[in-house]
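Me: Got a structure to go through with you. Can we start with side chains, then move on to the sheet and the core?
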Amino acid sequence: MDNIYLDSDGLVHLARLALAGNRADIVAYVRKIARKVARFDPVVGEQLVTLAQDSNPSRNAMLRGEQLDRLPVDLDSRLQLARLDDEISLDVLPIWQEPVKAKLEQVLIERAKFKELAFANLAPTRSLLFTGAPGVGKSLAAKWLAKSLGLPLLTVDLAAVMSSFLGRTGNNIRNILDYAKSVDCVLFLDELDALAKRRDDVTEVGELKRLVTVLLQEIDSWPAHGLMLAATNHPDLLDPAIWRRFDMIVEFPLPNEVSIRAALSSWIGEEHEVPKGLLDALPIVLSGMSFSDLKRIISQLRRNQVVSGVALTDSLTLLIEQRINSLSKAEKIEVAQNLTDAGLSQRSVNSLTGLSRDTIRKHCETVN
Ligand SMILES: Nc1ncnc2c1ncn2[C@@H]1O[C@H](COP(=O)(O)OP(=O)(O)O)[C@@H](O)[C@H]1O
Ligand SMILES: [Mg+2]
């Protein structure tokens, strides 16, 4: 084979350097390999050289150190008020349903065409409000956007900031926002409804009003180069004035059957060889769940498979059995059709779905 650039010793050496985490050593080694590779594959050689040049460790490390030093803290408790994440990793490949997908992509396109917009005297979308049930991807979208833009994500958990003494919250929020404007980052105000939840406590009403006013002014005057994201599980609790100020509202729906199917394929993995008919039947019984519920269930089943040897096909079939009663007859028939396609006998389909043999015979054509 002529496309092996590294022998096994080289590979082990590279892994050792990478795990030791010394960038200067890794860069030196990549340069060395690049010279070797360039002799028989100039394109890959060039790519490696560029990689080694782009990673400028001293500058990045200094910048990061400086930014972290300046992260705002609560003056009394000295607790950090925000988290700066500049090496964002996503735990899953996000599945964006329409219209979420179109809106998030719109934001990225506008950023890519920043200059063209400026030329036409327009600013790109600066502020977005994410709404939706827990576990549908609001926080994931914040990470995904920051990662796609190559910017660090500054996350503020408003519930945590506000649990401190309310009189200080105004100052704390102002400090966070000033900081966010001073560094190149995506700001994410999570649990924005925390601002509204305390409204019923009369003694705090005045202070809260001032807070909301601060926030409204900030949303209005947020600089075009920055991006402000906010998320809430309870949009109805928010002051309508806050809603109106955001450039874009993104409502995250619960996953539909197509998305559930995509999530299952992605999380179960092809290598498990679960029959297609079973995977097609599952979205019908799992409808109404959030992405994070689905992820938790699938992870649990996969753990059971490894730890107790329960075959995934069996545990997924059991899952159908447990949830089948909440379905309408039409949905049960659809499940039965898919299970028949998956090769289950009429008798098994009957005991799983509770449909009569006659109904099954009428609706489900056996392939073999
Ligand atoms: N759209 C999605 N696509 C794929 N996985 C998702 C999606 N939404 C949520 N998840 C899974 O659920 C987890 C929790 O989602 P999160 O974004 O924190 O929900 P929330 O809307 O409450 O902020 C994610 O880390 C991911 O594993
Ligand atoms: Mg969240």
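Me: What does Arg361 count as: buried, partly exposed or exposed?
Reply: This is a predicted model. In it, Arg361 counts as partly exposed, at 48% relative accessibility.

Me: Which side chain does Arg361 meet in a salt bridge?
Reply: Asp358, at 3.1 Å, N to O. Both lie in helix H19 (residues 357-363), three residues apart, about one turn of the helix. Asp358 is exposed, with a relative accessible area of 55%.

Me: How many salt bridges does a search of the whole structure find?
Reply: Eight. One network, joined by shared partners, takes in Arg261, Lys276 and Asp280.

Me: Which pair links distant parts of the chain?
Reply: Lys181 and Glu218 do, with their side chains meeting in a salt bridge at 2.9 Å, N to O. Lys181 is in helix H9 (residues 166-182) and Glu218 in helix H11 (residues 205-221), 37 residues apart.

Me: Is Glu218 buried or exposed?
Reply: Buried, with a relative accessible area of 11%. Lys181 is partly exposed, at 29%.

Me: New topic. In what order do the strands of the open sheet run?
Reply: E1-E3-E4-E5-E2-E6, six strands with mixed pairing. E1 (83-85) and E6 (248-251) stand at the edges. Each has a single partner strand, so one side of each has no neighbour in the sheet.

Me: How do E2 and E6 pair?
Reply: In the parallel sense, over four bridges. Leu129 stands opposite Ile249 in E6.

Me: Which E6 side chains are buried?
Reply: Met248 and Val250, which point to one face.

Me: On to the core. Which residues touch the most other members of the largest one?
Reply: Phe130, Leu229, Leu282, Leu286, Leu316, Ile320 and Val335, out of 59 residues. Helix H14 (residues 276-286) gives the most, seven residues. Domain 2 (69-251) and domain 3 (257-363) each supply at least three.

Me: What does Ile320 touch, leaving out residues up to four places away in sequence?
Reply: Leu278, Ala281, Leu282, Val285, Val335 and Leu339.

Me: Which residues does the second core include?
Reply: Leu187, Leu189, Met228 and Ala241 are among its 35 residues, and this core is separate. Leu187 also stands opposite Met228 in E5.

Notes. Residues are numbered from 1 along each chain as its sequence is written. Chains are lettered from A and ligands numbered from 1 in the order in which they are written. This is a predicted model: local features need pLDDT of at least 70, side-chain atom pairs count only at pLDDT 80 or more; totals for chains, interfaces and linings use all residues. Side-chain values use heavy atoms; hydrogens and water are left out. A nonpolar core is a set of buried Ala, Val, Leu, Ile, Met, Phe, Trp, Tyr and Cys residues joined through side-chain atoms within 4.5 Å. Buried means under 20% relative accessible area, exposed over 50%, partly exposed in between (1.4 Å probe, protein chains only). Helices (H or I, at least four residues) and strands (E, at least two) are DSSP runs, numbered from the N terminus. Domain bounds come from an automatic or database domain assignment. Contact means heavy atoms within 4.5 Å. Two strands pair if DSSP finds at least two bridges between them. A salt bridge is a side-chain nitrogen of Lys or Arg within 4 Å of a carboxyl oxygen of Asp or Glu.
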